[in-house]
Amino acid sequence: MAHVFRLPDIGEGLDEAEIVEWFVAVGDVVVRDQALVEVLTDKASSELPSPVAGTVMSLGAAEGVRLRVGEVLIEIDDGSTTPEARPAEAPASASGPVTASPGTPAFRPKAAPATRRLALQSGVDLATVNGTGPGGRITADDVRNAGTPLAAPPPEPSAGRMPTPVDAGSSTPSTLGQMPTGRHALRGLRGVVARNMVQAWTEIPHIHTMDELDASLLVDFRTRIRSMDRPGAAQVTPLAIAAVAAARALRRFPMVNGHVEGHPGDAIVIPESVNLGIAMATERGLVVPVVHDADVLDLFAMADRIASLAAAARTGDLTTADLAGATFTITNYGSLGGRFATPIIPPGQGAILGLGAVAERPVAVDGEVLARPTLPVVLGADHRLIDGDLAEAFRRAVVDDLTEPLHLLVGG
Amino acid sequence: MLQAINEALHGEMARDERVVVLGEDVGHVGGVFRATEGLFEKFGAARVVDTPLAEGVIVGSAVGLAMAGLVPVAEIQFLGFSYQAMHQIAGQVARLRYRSQGRFEPAITIRAPFGGGVRTPEMHSDSLEGQLANIPGLKVVTPATAADAKGLLAAAVRDPDPVMFLEPLRGYRGIRGDVPDGDHVVPLGAARTARQGDDLVIIAWSYQVELACRVADSLAEEGLSVAVLDLRSLVPLDIEAIAAAVDRCGRVVVVEEASQTGGFAGEVVATIVEECFWSLEAPVVRVSGFDVPYPVGMLEDTFVPDEARIAAAVRRTLETA
Amino acid sequence: MVEARTQAGRLWNLQRQGQVGTLAPIDGHEAVVAATAHALDPEHDWILPQYREPLALQRFGPEVLEQYMLYNIGHPDGSRLPPSVRVAPLQISLATQIPHAVGLAWGMTLQDEPGVVTVFFGDGSSSEGDFHEAANLAGVLKAPVILLCVNNQWAISTPLHQQTAAETLADRAIGYGMPGVRVDGNDAAAMFDAVDEARQRALDGGGPTLIEAVVYRLGAHTTADDPTRYVPAEDLEAARRDDPIQRLTDHLTDLGRWDDEARSEVETVAMARIDEAFERAINQTLAPDAVLDHCFATDTTRMARQRAALLDGAR
C-alpha cells in the first residue's frame with residue numbers, strides 16, 4: 001500500500017516549491033524522518049523528512065521542477081493497509097453566520113416592508129398597484145384600494161394572468177367610474193387588465209351560448225337541503241350545485257375541459273384532472289381560487305371546499321397553489337345583478353360558465369305565463385376547440401342538472 | 001450618577017474581598033472624578049491601588065490578577081486612552097477564557113468615562129464603543145441613568161466575563177435620579193424602555209438616552225407618540241427588545257455620539273433588518289457624529305448629536321409615507 | 001534536556017511533513033528552560049512561557065507534552081491545562097505575558113498564597129513597552145516574580161546590537177529598582193543557582209529579579225525562517241561548540257554519571273512518548289460547535305443562534 005506524501009505548506013502560506021535535490025531513488029529503503037529531498041521556497045531551503053518507513057515507489061517530480069503544494073512529492077510503500085496519512089485538518093466548516101440576500105428581479109415596485117407584507121397577505125401583486133406615494137411609491141392604502149388581484153399565480157407568465165373576465169376592476173362604490181379628465185398613461189392595474197383582455201380576446205375566438213332555466217326545483221332543492229340538520233348544509237349554495245353539475249358535464253365532455261396552446265394554435269391539451277376555478281368577490285377585489293379534482297367531490301364536499309376557499313379569500317390567506325391549475329372557470333356574475341353576459345375565457349382554458357342572477361321572471365308553462373324563479377346561464381367557448389354543437393350539448397347538460405337537481409343524485 | 005457608581009464600588013468591595021480596584025489616581029485622591037472616593041480609606045492600600053502611569057500594564061496586570069483568582073476593577077482615566085492598552089484589552093482580556101479554554105475566569109471590569117459636551121482636551125471624549133463591541137469575548141455596557149449605573153456596575157463586577165463599563169462623562173453630574181439603597185443589580189443584556197410610544201422608537205445608549213427622552217417628551221406635547229429604548233448593554237445585545245419595539249412602532253431612529261461609519265448604530269440597523277424587516281414603514285435613520293476625529297471645543301456642538309438633530313430625524317421618519 | 005531536543009527534532013520533521021503547524025525549535029535553550037523548571041516548585045510556582053519552552057517544562061506534568069501536541073496540530077484543547085498544572089498557555093503576542101506575570105504574582109501575595117511566578121521572554125521582547133511597564137510595576141509592588149529574559153542573540157534576523165544600545169539586558173533592572181543577574185544560560189548548574197536564588201528572594205519578600213540568561217539560538221527562529229540567510233556561519237559554529245547539552249554531557253560523563261547508553265535510552269523513551277502523544281492528539285475529537293466554545297461563560301442570544309445553526313448544518 002502506497003503512502004502518498006504530498007508537498008505540504010511548510011512556510012505559512014507558500015504555494016509551491018522547487019525540487020533542488022533528491023536524496024533517494026526509486027527502490028531505496030528509507031526510515032522514518034530520513035531526509036528525502038531538498039526543496040527551495042521563497043523563504044528558505046528545506047530538507048523534507050520521510051513521514052514513514054518503507055520502500056520508495058515513485059518520485060513525484062524531477063530535480064529542477066516546481067511542485068505546487070498538495071501535489072504528490074513521493075510515494076512510499078510502507079506495507080500498511082491504511083490510506084495515506086492525513087495532516088491534521090480542520091473540520092469542514094459549515095457556513096458561518098450569514099444572512100441570505102435574495103436576488104433582485106429586474107423591476108421592483110417601491111413599497112415599505114410593512115406594505116409589502118400587507119400586499120402579500122392580501123394576495124395583491126404590487127406590480128399591478130398604482131402607487132400614490134412619493135416617487136410612485138405604493139402605500140398601504142394603495143394596496144387596500146387595489147382592485148383585482150391575480151387569478152392565476154404571478155410567476156407563471158405562460159399560465160396567463162387573467163383577472164375575472166367580467167368583473168375586472170371592481171372598485172369601491174365611491175370611486176366607481178371615477179377618473180379625472182385628461183390623458184392618463186395606461187399602467188398599473190388597468191394596464192395589466194388591458195393586456196390580459198387583449199390576449200384573451202384576440203387569441204381565443206369566443207362563441208357564447210345562452211339560456212335561461214326554470215330554477216323552481218333548484219331553489220326548492222336548495223331550501224330543503226339547507227333545512228337538513230346536517231353539518232355543512234348551510235354551505236350548499238346554487239353556486240356549489242352548479243359546480244357539481246359543471247364537473248359532471250366536464251367529465252362527460254372532456255374537450256370542454258381542454259384548451260388550445262399557441263396562437264393561432266399548435267396543440268390541443270386535454271388535462272387529466274377537472275379543476276374548477278370559482279370566481280369570488282372579496283373586499284380586496286376578485287380572486288379565482290381553484291377546486292382541484294372537482295369531479296370526485298359530492299355536493300357537500302364541493303360546498304365545503306368552496307366555502308373554505310371563500311373564507312381564505314376573505315382573510316387573504318389563499319396560497320399560490322389555491323390559485324393555480326384551473327381547467328374551467330365558473331363566474332357568478334349574477335351576484336352583481338345581471339341576466340346575460342359574454343364572459344371572457346381565461347387564457348389557458350377552453351371555456352367558461354357564467355351564472356346570472358336568480359330572479360322571478362315570466363315563464364311559459366303549459367300555455368300559461370307564470371312567474372317563476374329563473375337562472376340565466378351562459379357558456380363561453382373557444383371555437384377552435386369547441387364547435388356550436390358541443391357548446392350546446394355541454395350547456396344543456398348543465399342546464400338539465402340545474403333544472404332538475406335530482407339528476408345529481410342518480411348520475412347518468 | 002457619580003455617587004451611584006461610587007456606591008456600587010463600595011458595595012462590591014465590601015461584598016467580595018477578591019475585588020481589587022486599580023488605576024491612576026484612584027486611591028488617595030479617590031479618582032479624578034471622585035468615582036472611587038473613600039475606597040482607599042475603607043479597604044486599604046492592598047485593595048485600592050494607585051498604579052504608575054501605564055494603561056498597558058494596568059490592564060495587563062489585571063489579567064494576571066484574574067489568573068490569580070481575584071476580581072480586578074481597573075480604571076482607565078478616559079476611554080480614549082484605552083488605545084494605549086488595546087493590545088491587552090483585545091488580545092488578552094477578551095481572550096483569556098478562550099486562550100485557556102476556560103481554565104482562567106476573566107472576571108475583569110474596566111471602567112472608563114467617554115462622551116462629549118464638556119469641552120475636554122483631545123482624546124478625552126472619544127466614543128469607542130463600536131470598536132470594542134467588535135471584539136469577541138468582551139462585554140460592553142453603557143448605563144444611562146444613575147440607578148442603572150449602580151445596578152449595571154454591580155452586575156459587571158460579578159460577571160465572570162470581562163466587561164468594559166463605559167460611563168457618560170457628561171452624565172457624571174448631569175444625570176440625576178433615584179438610586180435604590182443597598183444591593184441593587186441590573187442584569188447585563190437587558191434593554192430598558194425609557195419612554196413608551198407607538199409611532200416611532202428612538203434607540204440610544206449612554207448620554208444620548210437622556211437627550212432622546214427630552215425629544216420624546218417635547219414631541220408628546222404635539223401628540224406624537226415616540227418611544228425610547230435604552231440598550232444598556234451593547235454586548236450582549238437585547239435583540240428581542242429591539243425587535244419588539246420596532247414591531248410595535250414600525251419606525252426607528254438610532255442615535256450615537258460616535259462617528260457614523262463603523263459605529264455601533266450600524267449593528268443595530270443590521271439587527272433590525274434581520275429581525276423586523278416586515279414591520280418597517282420607513283427607512284431606519286442613524287443620527288451619529290461625523291466621520292471625523294473628535295473635534296476641538298468650538299466645533300464640538302456641531303459634532304455631537306443634540307436634541308434638535310434627533311428631533312429633526314424623528315420628524316422626517318414620521319413623515320415618510 | 002535530551003528529551004526536549006529529541007522531541008523537538010521529531011516535531012520539526014512533523015512540520016516538514018505538513019502534520020503540525022509553525023513551530024519554534026528549542027535548540028540551544030534546553031538548559032535555560034529545564035534548569036529553571038527544576039529550580040521551581042511545580043506545586044506552588046507558576047510558569048508563564050513564551051512559545052519556545054514547553055518541551056523542557058515537562059517537570060510540571062505529563063500534560064504539558066499532551067497539550068503541546070494538541071496545540072501544534074491546531075486543536076483548541078491544546079490551550080487547556082488541568083487546574084493542577086501551573087503553566088500558562090503559550091503566548092504569541094510578544095511580552096504581553098509579562099504584565100500578566102506581575103499581576104499573577106501580585107494576586108498571589110494579596111491572597112497569601114506562597115509561590116513565585118517565572119515569566120520567559122526573549123531579547124526582542126525586552127524592547128516592548130509591556131516589558132518596561134511590567135518591570136516597573138513589579139518593582140513598585142515588590143511582586144514575587146522572576147523576569148527571565150532568554151537572550152539568544154537574535155530576534156528573528158535582528159542581532160542584539162541592533163535590538164538595544166544597552167551593554168547588557170540585565171542592566172535594565174537598575175531602572176526598575178530590582179536586582180539584575182546575568183547568567184551563562186548554557187551552564188545548567190549556573191542557571192539552576194540563579195533561579196533558585198531569585199526564587200528565594202521573592203519568597204522572602206524581597207521582590208522581583210531580572211535574570212538575563214545568555215545563550216545562542218542554535219536553530220531557526222521558527223519553521224518558517226531560514227537563518228542561513230543572516231546568521232554568520234562562524235558564529236553558529238562557535239555557538240555549537242558551547243552546546244548546553246554537550247557541556248552537561250561532558251561534565252556528567254567525567255563524573256561517571258552518564259554515558260552513551262544512558263543517552264540512547266532517554267532518546268528512545270522521549271521519541272516513544274512524543275509519538276504516543278501525537279497519536280492521541282490527532283485522534284482527539286472535535287465537536288462541530290467547538291468554534292463557539294469558551295468565548296463567554298454563557299452564549300449571548302446571537303451566539304446561541306450561531307451555535308444552533310452550526311449544529312443544524314452538522315446534522
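Modeller: A residue is called buried under 20% relative accessible area, exposed over 50% and partly exposed in between, with a 1.4 Å probe and protein chains only. The model is predicted, so local features need pLDDT of at least 70 and side-chain atom pairs pLDDT 80 or more, while totals for chains, interfaces and linings use all residues. Residues are numbered from 1 along each chain as written, chains are lettered from A and ligands numbered from 1 in written order, and side-chain values use heavy atoms, without hydrogens and water.

Over all chains there are 13 aromatic pairs (Phe, Tyr or six-membered Trp rings with centres within 6.5 Å; stacked under 30 degrees between planes, edge-to-face over 60, tilted for the rest). One of them joins B:F33 and B:F78 edge-to-face, with 5.6 Å between centres and 75 degrees between planes. B:F33 sits in the loop between β1 (19-23) and α2 (39-43) of chain B, and B:F78 in the loop between β3 (71-75) and α4 (86-93), so the contact ties together parts 45 residues apart in sequence (helices are DSSP runs of H or I, at least four residues, and strands of E, at least two, numbered from the N terminus). B:F33 is partly exposed at 23% relative accessible area, whereas B:F78 is buried at 9%.

B:F33 also pairs with B:Y172: the centres are 5.1 Å apart and the planes at 55 degrees, so this pair is tilted. It links the β1–α2 loop to helix α8 (residues 171-174) of chain B, which holds B:Y172, across 139 residues. B:Y172 is buried because its relative accessibility is 5%. Ring pairs connect B:F33, B:F78, B:F81 and B:Y172 into a cluster.
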